[in-house]
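Here is a short report for a reader meeting this structure for the first time. Look over the sequence and the model, then read on.

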Amino acid sequence: MKMGKKLILSPVSRIEGHVQINLDLDDGGNVAECRTQVVNLRGFERFCLGRPVEEMPRITTSICGVCPTSHHMASAKVNDVIFGGRTNVRGKKVERAHGGNTLCH
Amino acid sequence: MDLPEADVGIISGGVRTEEMKELAKIMRDKVKILITLGSCACFGGIPALANLSSKEDLLNTVYSTKTTDKTDPPSVEIPPLLDRVYAVDEIVKVDLKIPGCPPAPGVIAEAITALLEGKEWSLPERSVCDQCGVIREKKAKVALKRAYEPADFDPAQGLEAMRCLNEQGILCLGPATKAGCDPKEPRCVKARMPCRGCFGPIREGAKPMVDMMNALTSVGLNPREVEDRMALFNRYIGGHNNLRVLPQKKR
């Protein structure tokens, strides 16, 4: 197969992690194929298994540097469900302010 | 890959793929002073918990789940994974290490200022406990609890009015962790949460696993009761061969 030009956008910024976009161009300069590739595998899916669930809020925050709050809150809420914790009104307000803060940055 | 020459280069993140390894080596050649910023670059960090499982195990878990069709891991144009997660200083020589998850702003400023003035800089070899002002009575009052149980403290008063978390039965990695996350008192303990060791071992090459066993025994707790202690005591320092694939326990 005759290969045309190849464009590689790497790294894709403003997302946390490692993504690159590969564009294969044909001879006419049109896009023949486009691939979005995640070039790293960290394996949170694997190593979160077997850890105590109450440690999750401080492990899953490292999934993403843009939205650690979301991961923290999600795991904290899971813990609330599992251990039957209830958040009081002031706590709920802090949670919301915290979540809103993430949206802003 | 080509990088411009520079006086100072900063690497954040550990080394997981061949590409990153290559990049670290190129960067070493091109910069005069190489800094690792953050616990991932210094010790492996949270992603180095993956060192508890083999590469094949990771790929199998991610690419064949109960709810998705089984696919083969992609191979075209993807840099191959290394056998485990490495800290940057296992691959190349590092001149300055700034640990922390996240690194404390004060520590970064201190390190960069020292660099500009041409001085040597490293964090003092003190433990988080040396810096922590809680009440210690050298004897745990209860057995170990699970981490979700709240500490006993008065929110209106400072740390000097709270009993040591380890003595309260809430496992804290302070005894085996380097101080420096905050100039005054440890950040997590200030928020009444136990330390999890993001600043790494007190001395280069110290083993927090051993230090923590000693610290717990000395206050009368049984370290064998700690759930998942391998991963807990080495939470942020899975590089440097601190975490490895262990043979499966027979049940």
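Is C67(A) buried, partly exposed or exposed? C67(A) is partly exposed, because its relative accessible area is 25%. The classes are set as follows: buried means under 20% relative accessible area, exposed means over 50%, and partly exposed lies in between (1.4 Å probe, protein chains only).

This is a predicted model, in which local features need pLDDT of at least 70 and side-chain atom pairs count only at pLDDT 80 or more, while totals for chains, interfaces and linings use all residues. Residues are numbered from 1 along each chain as its sequence is written, chains are lettered from A and ligands numbered from 1 in the order in which they are written, and side-chain values use heavy atoms, with hydrogens and water left out.

**Cysteines**

A search of the whole structure finds zero disulfides over all chains. C64(A) is in no disulfide, and its nearest cysteine sulfur, that of C67(A), is 3.2 Å away. That is too far for a bond, because a disulfide is a pair of cysteine sulfur atoms within 2.5 Å. C64(A) counts as buried, at 12% relative accessibility.

| Residue | Relative accessible area | Class |
|---|---|---|
| C64(A) | 12% | buried |
| C67(A) | 25% | partly exposed |
| N166(B) | 7% | buried |

**Chain B overall**

Chain B has nine helices and five strands. These are DSSP runs, numbered from the N terminus: helices are H or I with at least four residues, strands are E with at least two. From the N terminus on, the order is β-β-α-β-α-α-β-α-β-α-α-α-α-α. The C-alpha atoms of chain B fill a box of roughly 55 × 55 × 30 Å, taken along the principal axes. Of its 251 residues, 47% count as buried. Among contacts in chain B between residues at least 6 apart in sequence, 75% join residues at least 24 apart. Contact means heavy atoms within 4.5 Å.

**The sheet**

Three strands of chain B form an open sheet in the order β1-β3-β5, with parallel pairing. Two strands pair if DSSP finds at least two bridges between them. The edge strands are β1 (6-12) and β5 (96-98) of chain B, and each pairs on one side only. Neighbouring strands of this sheet are turned by 20° against each other on average, direction ignored.

Strand β3 (residues 31-37) of chain B is joined to β5(B) by three bridges. L37(B) stands opposite I98(B) in β5(B). Helix α1 (residues 18-30) of chain B packs on the sheet and touches β1 and β3 of chain B; its direction makes about 135° with that of β3(B). Helix α5 (residues 105-116) of chain B also packs on the sheet, touching β1, β3 and β5 of chain B, and its direction makes about 165° with that of β5(B). Axes are lines fitted to C-alpha atoms, for helices over the stretch in contact, and angles run from 0 to 180 degrees between N-to-C directions.

**A buried loop residue**

N166(B) lies in the loop between α6 (128-131) and α7 (187-190) of chain B. Not counting residues up to four places away in sequence, N166(B) touches A140(B), L171(B), C172(B), P175(B), L216(B) and L221(B).

**Where the chains meet**

35 residues of chain B are in contact with 26 residues of chain A. Across this interface the rule finds five salt bridges. A salt bridge is a side-chain nitrogen of Lys or Arg within 4 Å of a carboxyl oxygen of Asp or Glu. E55(A) forms a salt bridge with R196(B), the closest N and O atoms being 2.9 Å apart.
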